[in-house]
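Let's take a walk through the rings and the nonpolar parts of this protein. Have the sequence and the 3D view open as you read.

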Amino acid sequence: MLKNYLLVTLRSLRKNVTYSFINIAGLSIGITCSVLILLWVFDELSYDKFLPKNDRLYQVWINATFDGKINSWTSLPLPAYEALKSENSNIKNTCVTDWGGDHLFTVGDKRITKRAFYASEEFLEMFQFPLVKGDAATVLDDPTSIVITEEMAKTFFGDTDPINQIVRVDNKNDLKVTGVLKNVPTNSSFRFDFLLTWKLNEQNNNWVKESKTNWGNNSFQIFMELNDPAQVATVNTAIKEVIMKKDPEDFRRELFLHPLLKWRLTSEFENGKEGEGRMAFVKLFGLIAIFVLVIACINFMNLSTARSERRAREVGIRKSVGSRRHELIFQFIGESLFISMLAFVLAILVAQLVLPYYNNLVDKKLFIDYASKEFWIFAASLIFFTGIVSGSYPAFYLSSFQAVKVLKGKVQVGKNASMPRKVLVTLQFGFSIFLIIGTIIIYQQIQHVKSRTLGYDQQNLITVDYTEEIGKNFRSIKAELLQSGAVNAVTKSNSPITEIHSNNFLGWPGKPETLKVIFATIATEYDYTKTMGIKILEGRDFSEDFKSDTLAIMINKAGLDLMQLKNPIGEKLELWGRKRELIGIVDNVLMGDPFQQARPMFFVLNPEWAGAVTIRLEKTKDLQESLRKVEAVFKKYSPAYPFEYKFADLEFAKKFTDINMTSRLASLFALLAILITGLGLFGLAAFAAEQRTKEIGIRKVMGASVPSLVGLMSKDFSRLVIIAFTISSPVAWWLLNSHLEQYKYRVEIGWWVFPLTGLIALTFALAIVSTQALRAAHANPAVSLRND
């Protein structure tokens, strides 16, 4: 029986080559899209699951109430690290880290800047990153210890055992390798090449040592391991008031736990409530995968039912010789599953071929794991789902034919039979129109943000990471850079122009006692506004001519709008318990999230608080020569460090990585969805032309023109596209408008997007249908009417 079904299936495919190609090609494209999308989705969902204790690990967050709302962040006071350990019996352990940065790693003549962070001794016991060499319980105990990854060990020591080898970090700390970690997986929230001990952090940084008793300095990342994750609510209650017990005079700060498995996808909070974050992208692409697959399945259903008359006699004969309906359903479902399997195999081959390009597009290292049982379960499920969804309606429809009527030629496929096809075509175009509108709106939002005023000049602006050697020689470096002829201005600050590293409260005359507003904080040196190209609206910049500027302050326009000071210059603002004179108002500078409004910001003169050197190069046609001159100066005064720099415009562009990827993927899959829809429409148009061959022949004999015949055949399909547009447009507007509401700085959805999309969809449909309509209209009527 199965052999017979297989032969019938192969014969049917061979007999209808064009329609078989359309079915298999459409399904293959749909499955390829779904596989590629789901690879990305599963990778996002897999973050941190490789860690053995992933269900028991949490990060401690703060809910801080001020400015009329709840603000959530991950930076905590350092004393909380030890204090939290005894707050509840279900707390097994805590550890503290910083979020890392680039450190110089030197062995002999080899040197490289790699990402690392300081971690307390409990870190590896809690997170259990796999150690190839060393003991997790002791590798971070000694302040002179360092733990490196396998890649670092191979790079610097080759086949030599790295344990107990001496390395130099930041050109000042000679450390002993006590452990070697397996390379950190790409789906880890922690990204590092080596670990430094927390005790070394205290030795190197006095401010860290001083912070051990300071409950007001929110600068440290604290993590917690629970004995029983089911008791997390109890622990949250126990730790909630820890800070307020120690520091009751400050603003209200409540602690809570955020689980490790949510860090990647849901680490955004709005007024104390967990938001979607990256999960919104996961849901979006999961939805697109379903859309594309359903569109491909609709093609199969439509073409199968459309050509039902060709197989009606086969059904009649089978029923007349004793075949029962469930046997026919089984046969047609089997055919559908067979085609789905062929399409899946072809889809996997195509996915494997395009995967390197796709990885470049999404900036990941995705691969298809053929050795995993999950892949084969997924493959079987996808084939089964596609086969059942695609073949169910045709199977039940074809098997419902009555043998007597079929054999007497009385089967009529009229309005009732074609109605489901019309509904499905409308659904296809509805999905496609939605994807087109979404692609246009996302592109508009990106361009809208990219074109906004930044408040500074990105061109020819580079930043160099600050080091102790640079700090000691900054005056000489600055002087020689300005004398080189390649540099227009130089300054240093606590953060580069594209980032905000510090936030603080600020007081001003007339501020309500209960009002607390957090200001972005920029600690800088002289020539900051000149170097960055920031416009001074009132007053002046910090100047060496005014020694009192060490107690001066500048604010941005957003800060002035908040303070509502009528004559701001000369006013006294309160910061860190001291009064500072307001000497300047600068234009708003977009340093943080480009999708949000510019935040209130203040600037203080503090040359010792530095993290980046910013250099404005002179405009020149030979940029490389200018960079060589700058490099020569830095190598003279900081020879131990490789000269590494970043362009401000490129760093700003990185802020659009996620939404650019979303736009590219949405555009790609929207295009493929339209292609699949076009394949199906081509098949249906060809079938419609074939069915109406004699009608068209008669109309030509009666004098109908080619344009009128093309219009006649295009009318039905045009109506379906218009209905699809009418239904999908308001849905698309509602969903996209809801999505854009998360951005403070957003584009308004223009009315013109909808008629443009409708015109694109209608033109596309008519172009496909017209090819078949023209073919039928130009056919010789004598041939089509010969047998009549």
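A residue is called buried when its relative accessible area is under 20%, exposed when over 50%, and partly exposed in between (1.4 Å probe, protein chains only). Phe 634, with a relative accessible area of 3%, is therefore buried. What you see is a predicted model, where local features need pLDDT of at least 70 and side-chain atom pairs count only at pLDDT 80 or more, while totals for chains, interfaces and linings use all residues. Residues are numbered from 1 along each chain as its sequence is written, and side-chain values use heavy atoms, with hydrogens and water left out.

Where does Phe 634 lie? Look in helix α20 (residues 623-637); helices here are DSSP runs (H or I, at least four residues), strands are too (E, at least two), and both are numbered from the N terminus. Contact means heavy atoms within 4.5 Å. Not counting residues up to four places away in sequence, Phe 634 touches Val 464, Ile 470, Ile 477, Leu 481, Val 613, Ile 615, Pro 639 and Phe 643.

Now for the rings. Rings of Phe, Tyr and Trp (its six-membered ring) pair if their centres lie within 6.5 Å; planes under 30 degrees apart are stacked, over 60 edge-to-face, and the rest tilted. That rule gives 40 aromatic pairs. Here are two edge-to-face ones:

| Pair | Centre to centre | Between the planes |
|---|---|---|
| Phe 66 and Phe 505 | 5.0 Å | 90° |
| Phe 256 and Phe 269 | 5.4 Å | 70° |

Phe 66 in strand β1 (residues 57-66) and Phe 505 in strand β17 (residues 503-505) are 439 residues apart, so this pair links distant parts of the chain. Phe 66 is buried at 5%, whereas Phe 505 is partly exposed at 22%. Phe 256 lies in strand β12 (residues 252-259) and Phe 269 in strand β13 (residues 269-270), so their pair ties together parts 13 residues apart in sequence.

Finally, the cores. A nonpolar core is a set of buried Ala, Val, Leu, Ile, Met, Phe, Trp, Tyr and Cys residues joined through side-chain atoms within 4.5 Å. In soluble globular proteins, nonpolar side chains tend to be buried together. The largest core has 109 residues, and Trp 40, Tyr 358, Tyr 456, Ile 497 and Phe 603 touch the most other members. Apart from that core lies another, of 46 residues, including Val 107 and Ile 222.
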